[in-house]
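Please look over the structure shown here. The briefing that follows takes the sheet and then the helices.

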Amino acid sequence: MLNKTDTIASFAKGLRVLECFGAEHPRRSVSEVAAATGLDRATARRCLLTLHAEGYAEYDGKYFTLTPRTLRLGMGALASLPLSQVVQPWLDQLTEQIGQSCSVSILDGAEIVYLARAAQRRVMSIGLMPGSRLPAHCTSMGRVLLAALPEAEARAIVEGSDLTPRTAFSLTDPVEVLARIAEVGRLGYALIDQEVETGLRSIAVPVLDARGATVAALNTGMAATQDGAETLVRDYLLTLQKVQAGLRRVL
């Protein structure tokens, strides 16, 4: 167990400040950062001014906004993960083969984090790249990853998630979401029909290591057509499973 003398409290506070920025809150005032992090206003202000002085944040006199320099932190961490390096060539080949964008992600609490991506064409209005985050409960990769967890752990994550509907097709009842996750566990794949964004469908399978443990999720997404969502199973599942088998041999 670490002693308090082994850690730097001010550094930990700075990390909390960095983490309070996101897509929904791209700019924040000192008061907003203090409220979001639980820090007092003076400490929040010093952290923000330090980020500004080091080039990690812009400041207009009232609001702070993170700069692209912060990407060095996240991208460096992602690039150092062996998994992202292993899967990228497989994603590139898969995308060329099926003509659709493909991604690999891991679970971080109630969200998925993109580790690697190969984009063929833009389907989502949301720009996705390594480091991007989406809710786990309503994404194909998220449901695959949740299905790999012990039932009680998956339930706790879903019940603690923000189930505000993103589209008219989104599931908002935890019981229904958990039922879908259980179905994913039985089938070995997840199919999402416009729950994340209207007009988008996706299918995902688990990425397994040599022991059969789920270490990530692999998916492909495409525009919704008049054909039913089940056509994704017919057209793409076998190809995804072949990549799944290939990755299992090298992980």
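β4 and β9 pair in the antiparallel sense over five bridges, where strands count as paired if DSSP finds at least two bridges between them. Helices (H or I, at least four residues) and strands (E, at least two) are DSSP runs, numbered from the N terminus. This is a predicted model, in which local features need pLDDT of at least 70 and side-chain atom pairs count only at pLDDT 80 or more, while totals for chains, interfaces and linings use all residues. Residues are numbered from 1 along each chain as its sequence is written, and side-chain values use heavy atoms, with hydrogens and water left out.

**Strand β9 and its partners**
- Leu 218 in β9 is the bridge partner of Val 104.
- β8 and β9 run antiparallel and are joined by nine bridges; Leu 200 has Ala 223 in β9 as its bridge partner.
- The hairpin of β8 and β9 has five residues between the strands, and Gly 212 takes a positive phi near 90 degrees there.
- Seven of the ten residues of β9 are buried, so this strand is largely enclosed by the rest of the structure; buried means under 20% relative accessible area, exposed over 50%, and partly exposed in between (1.4 Å probe, protein chains only).

**The whole sheet**
- The open sheet has six strands in the order β6-β5-β4-β9-β8-β7, with antiparallel pairing.
- β6 (133-135) and β7 (190-193) are at the edges with a single partner strand each, so one side of each is left without a neighbour in the sheet.
- From one strand to the next, the twist averages 30 degrees.
- Strand β4 (residues 101-108) pairs with strand β5 (residues 111-118) in the antiparallel sense over seven bridges, and Asp 108 stands opposite Glu 111 in β5.

**Helices on the sheet**
- Helix α5 (residues 82-98) packs on the sheet and touches β4, β5 and β9 (214-223), its direction making about 65 degrees with that of β5; angles run from 0 to 180 degrees between N-to-C directions, and axes are lines fitted to C-alpha atoms, for helices over the stretch in contact.
- Helix α9 (residues 231-250) lies across β7, β8 (200-208) and β9, and runs at about 25 degrees to β8.

**Helices α7 and α8**
- Helix α7 (residues 151-159) and helix α8 (residues 174-187) pack at an angle of about 140 degrees, with their axes 10 Å apart.
- That makes α7 oblique to α8, since angles under 35 degrees count as roughly parallel, over 145 as roughly antiparallel, 65 to 115 as roughly perpendicular and the rest as oblique.
- Ala 154, Arg 155, Val 158 and Glu 159 in α7 meet Pro 174, Val 177, Leu 178 and Ile 181 in α8, contact meaning heavy atoms within 4.5 Å.
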